[in-house]
Amino acid sequence: MRSFSYKVIIQLIVINILIFNIYCTKEIHLNYQVNAANIYETKAQKFKAKNEAEYISILYTNLYQKAIDPMVLFQAQSVLYSIGDQNVAKEMLLSGYFNNPNILIPSNAEMRKDIPNFITETYKRFYLRYPSEAEKVYFTNYIKNKPEVTVEMIYTAFSTSDEYSFY
Amino acid sequence: MKRKEFIKKSTLTIGAGIVAPYILPSGRLFARTGTEKAEHVVMVMFAGGVRQQESILGRYLEDSQGVNGAAGNIMPNLFNGNAPTKKVVYGLDIAGQTKGSDPIPRLLSDSLANKGMVFNEVRAQSAGHYVGLNTLLTGSLGTAQGLKTRPVSPTIFEYLRKHRGFKATDCWFIGNGIGNSTPLLNSSNHANYGLDYGANMFIPPITFGSYGRNILSNSKAYSNNELMPMYEMKNFLNNSFALEDSRQTTIKNTDDERTHIKEFMRGIYTKQSLGQIAMPPAASSGDAFNVAYAAEILKEFKPKMLAVNISEVDGCHSNFTGYLRSLHRADHITAWLYDYIQTNIPEMKDNTVFIVTPECGRNLNPNPILDENDWVAFDHSDANALRVWSLMVGKNVPKMSVGSEGNPIGRLTDLVPTIADIFGVYDDVMNAGYIDPSAMSQFMRV
């Protein structure tokens, strides 16, 4: 049986200590004191047009809270491409979505219960940004003054608007 | 403000208020109507590369396949001449007989050639489909035209909307498919014209085919009371976003026009479910489908300018027998569309110029592909593919036959100037500077 001398054992211990000191350092947690913030778009930064597939899949996910079936997406994309006025195509597509009972949108009562919050959430939902003061005032007055206005109407206006077609 | 000054300013303001709504997009106060020849134009872009030999020259199998004694006219509604009697394969299929041995009965009592003006030998500017279609719609040479991009030069729709003041639903392009660049033909991206003046468009095999029914037939019919707030809010949002013209991605209709188009589309899906779409009696192909929906649009909107594209003749690349059958059917469905206007749309009956012309021809020499009858096929790339014809019939169109095989007269780029001439805006369109310099109205060629 082979036996190690004390000298060899001490050498191994020293080497181990050196290795630990060189390769293992204590993790340092830095704090730069940056405040947490939510990042939202501004309309001025939206300059790329969504293509048909992007528009449809984003809209579908927004309204149904689930991904669109690829075959349905392909068909819808082809149909949009086949119509000259994209506003016509999108308004038709959207009204079909609203005819589906599985759509997930707030009720009209919920909207009227807290109109400013509904407006802010709608802008965030469709435009990924906060409304300006002018926009808030316009929609608050519009909804208050027109009892016939529904969530469906507002969502239709947003999702067929120019801004929703860009990112 | 002094009384005199007040009266002067208020008079000017009232005058401007009355006049301003009538200023055309071109800046002109009144549309030029003095020399208008007709109120409507329907153009059939026929039909995907057509050889002179089998169409207007009536040579059937004699030139193409070397079958002696097999000449004859297989387009009896458009042109004159007796039908072939030898090796007839282009007609309807009758059980127990040779396939295609029963020609479709002629639909019109007289050929369109006898009713109007035929240019027998016209020069096409391209042997390809897309540049050819561009030529028909823009009147330009199309030399810088790329694929998968909108026309480089303004289309006839844009000229008419800008200089003649037509609204969007007055102008329609009916395409035959969403492949290649066809769905881009309703408007150019030209800085001085572009999408603001583009035409409405449907691709019926998609819009009104199974995809369209699956995706859009479930759409809601909103009342005007429901639509108005939607449009108001949408217009507010669009004004707020203020999209520049250069970033437009679509043509635009007014709110009322959009409502009309949506009602029309819902009506079509309903008619489909009830089997009420009128179709050419002896053809059920994609081209027939396309023309049937063009007829529905004509009946509903009575557009000033409608162009419809058909293309099944292009099967000639690999199947000459199929080409003959498609050519015979293209003649049938074109005649059906003409007849439909005469019998179903009284507002357009005596007020329309009907134009038929191929976008390009086909080769003189065949490729080696043989079909079921061992007949060779033809592509389109040589000088023979630049030989085409054009036919025009309707209000104020003289009855005459112009040019011949040895005496070509006119160019395909003549079509846009001709349509501009029909609508009385010839000078505006020619002076815009984007038309082939050698082009002119066909009315001036004769």
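How many bridges join β1(B) to strand β6 (residues 352–357) of chain B? Six, and the two strands run parallel. Everything here comes from a predicted model, where local features need pLDDT of at least 70, side-chain atom pairs count only at pLDDT 80 or more, and totals for chains, interfaces and linings use all residues. Residues are numbered from 1 along each chain as its sequence is written, while chains are lettered from A and ligands numbered from 1 in the order in which they are written.

**View 1. Strand β1 of chain B and its two partners.**
Helices (H or I, at least four residues) and strands (E, at least two) are DSSP runs, numbered from the N terminus. Look for His40(B), which stands opposite Thr352(B) in β6(B). Six bridges also join β1(B) to strand β5 (residues 305–310) of chain B, again running parallel. There, Met45(B) sits opposite Asn309(B).

**View 2. Both faces of β1(B).**
In a regular strand the side chains alternate between the two faces of the sheet. On one side of β1(B) you'll find His40(B), Val42(B), Val44(B) and Phe46(B), and on the other Val41(B), Met43(B) and Met45(B), all of them buried. A residue is called buried if 20 or more other C-beta atoms lie within 10 Å of its own, exposed if 12 or fewer, and partly exposed in between, with C-beta atoms placed from the backbone. Seven of the seven residues of β1(B) (residues 40–46) are buried, so this strand is largely enclosed by the rest of the structure.

**View 3. The open sheet of chain B.**
Eight strands line up in the order β4-β3-β5-β1-β6-β9-β2-β10, with mixed pairing; two strands pair if DSSP finds at least two bridges between them. At the edges are β4 and β10 (400–402) of chain B, each pairing on one side only. From one strand to the next, the twist averages 15 degrees. Helix α10 (residues 286–301) of chain B packs on the sheet, touching β1, β3 (171–174), β4 and β5 of chain B, and its direction makes about 170 degrees with that of β5(B). For these angles, axes are lines fitted to C-alpha atoms, for helices over the stretch in contact, and angles run from 0 to 180 degrees between N-to-C directions.

**View 4. Where chain B meets chain A.**
Here 41 residues of chain B are in contact with 37 residues of chain A; "in contact" is for two residues whose C-beta atoms, placed from the backbone, lie within 7 Å. On the chain B side, α8(B) gives the most, with 11 residues.

**View 5. Helix α8 of chain A.**
Chain A has eight helices and zero strands. In its helix α8 (residues 151–159), the buried residues include Met153(A), Ile154(A) and Tyr155(A). What covers the buried residues of α8(A) includes α2 (52–64), α4 and α6 (115–127) of chain A, together with α8 of chain B.

**View 6. Ile103(A) in its loop.**
Find Ile103(A) in the loop between α4 (86–98) and α5 (108–113) of chain A. Leaving aside neighbours within four places in sequence, Ile103(A) is in contact with Leu63(A), Tyr64(A), Tyr97(A) and Phe98(A). Tyr60(A) is 43 residues from Ile103(A) in sequence, but the two are 9.2 Å apart in space, C-alpha to C-alpha.
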